[in-house]
Amino acid sequence: MRRFLIDRGDAADEALDDEQRAWALQNRYRLLSQMEGYCNTTGCLREYMLRYFGDEAAAEHAAAAGAGTTATDDAEGCGNCSNCLTQFEVEDVTDMARAAVRYVAARPMRFGKSLIADVLHGGNTERIRQMHLDEDRGYGELSSESVGRIKDIIGQLCGRGYLATSQGQYPVVGLGPRAGEVEDEAFAFTVKRRASKRKASARARRAVDLLREEAELDQRPRVGDDVELFERLRALRKEISTELEIAPYMVFSDKALRGLCRLRPQTRDELIQVNGIGEKKADAFGEQFMAAIEEFESEHARNGA
């Protein structure tokens, strides 16, 4: 939403000339990137906020103030913020961070996040071959990581000041003010660990329980069991999200999947009646899910179920 509002522009910008307007837009994107980094950092939040507002001296003081704190980017922190006081799972991605910064350092302000991620992943795209980027040092260095994961790390590096992005229609990545820290022996870069499979399974069980409760309240006849259909649609969602390298909820939420199981839409008009499915998602994914529902019902109709 914030990106949409930035792209739409601000009424106050009408009084600015083109150069000033471009600078204002770039600055808003820079601040947004830093806000995204704040949400993902495992470091001291007080230090992060001080850096955000440009008080580097106070940020350095905060970083060294509270020795012995937990789960931070650095070994120390303020000792008072929620990150410094909370024990949470973190994932060490220092090697990924170093690989990304080193690649950008050799080619500053030349490529965007997507292309850099493709190269580090070892992609075999036409653009990479045409530009001979498969001959670059660093090509395929992060081949075990998905392109989406690498882009996420690059984004967080930008948010924390190790990298920086230009703005405009085709933003490119350069070095940030903290890039020099990456080569320090003590450098470490961590991110909050994603939800465990155990937690994901618990959410899935909860979704199934809700589906059964909703089915009891809705006595309309239907072909096949809603829960079985739900699991099939969930598998399709996972397949699509993996292919597009996005989170499953960005395809359809569990609530939308439950709505599909109850309403069994056969047309686009019926599809957008499902809570959580708007015009855009209907256009992007609707045909695939309606086809899966039709196939499910056909199978059960043939089996007399």
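Reader: At what angle do H6 and H9 pack, and are they roughly parallel or roughly perpendicular?
Author: This is a predicted model, where local features need pLDDT of at least 70, side-chain atom pairs count only at pLDDT 80 or more, and totals for chains, interfaces and linings use all residues. Residues are numbered from 1 along each chain as its sequence is written, and side-chain values use heavy atoms, without hydrogens and water. The axes of H6 and H9 (lines fitted to C-alpha atoms over the stretch in contact, with angles from 0 to 180 degrees between N-to-C directions) lie 10 Å apart, at an angle of about 75°. Angles under 35 degrees count as roughly parallel, over 145 as roughly antiparallel, 65 to 115 as roughly perpendicular and the rest as oblique, so H6 and H9 are roughly perpendicular.

Reader: Which residues of H6 and H9 meet, and how do they divide by class?
Author: Contact means heavy atoms within 4.5 Å. Met96, Ala97, Ala100 and Val101 of H6 meet Arg149, Ile150, Ile153, Ile154 and Leu157 of H9. Ala, Val, Leu, Ile, Met, Phe, Trp, Tyr, Cys and Pro count as nonpolar, Asp, Glu, Lys and Arg as charged, and the others, Gly among them, as polar. The division is eight nonpolar, no polar and one charged.

Reader: How do helix H6 and helix H7 cross, and which residues make the contact?
Author: Helices are DSSP runs of H or I with at least four residues, strands are E runs of at least two, and both are numbered from the N terminus. H6 (residues 94–106) and H7 (residues 113–121) cross at roughly 115°, with axes within 11 Å. H6 is therefore roughly perpendicular to H7. The contact is made by Ala99, Ala100, Tyr103 and Val104 of H6 and Ile116, Val119 and Leu120 of H7.

Reader: Which way do H2 and H3 run relative to each other?
Author: H2 (residues 18–40) and H3 (residues 45–52) pack at about 175°, with axes 11 Å apart. The two helices are therefore roughly antiparallel.

Reader: Which element gives the largest share of the lining of the second largest pocket?
Author: A pocket is an open set of points on a 1 Å grid over the protein atoms alone, where a 1.4 Å probe fits, with protein on both sides within 12 Å along at least five of seven lines; lining residues have an atom within 4 Å of a point. The second largest pocket has 19 lining residues, with Arg30, Gln34, Cys158, Gly161 and Pro177 nearest its centre. The largest share, four residues, comes from H2.
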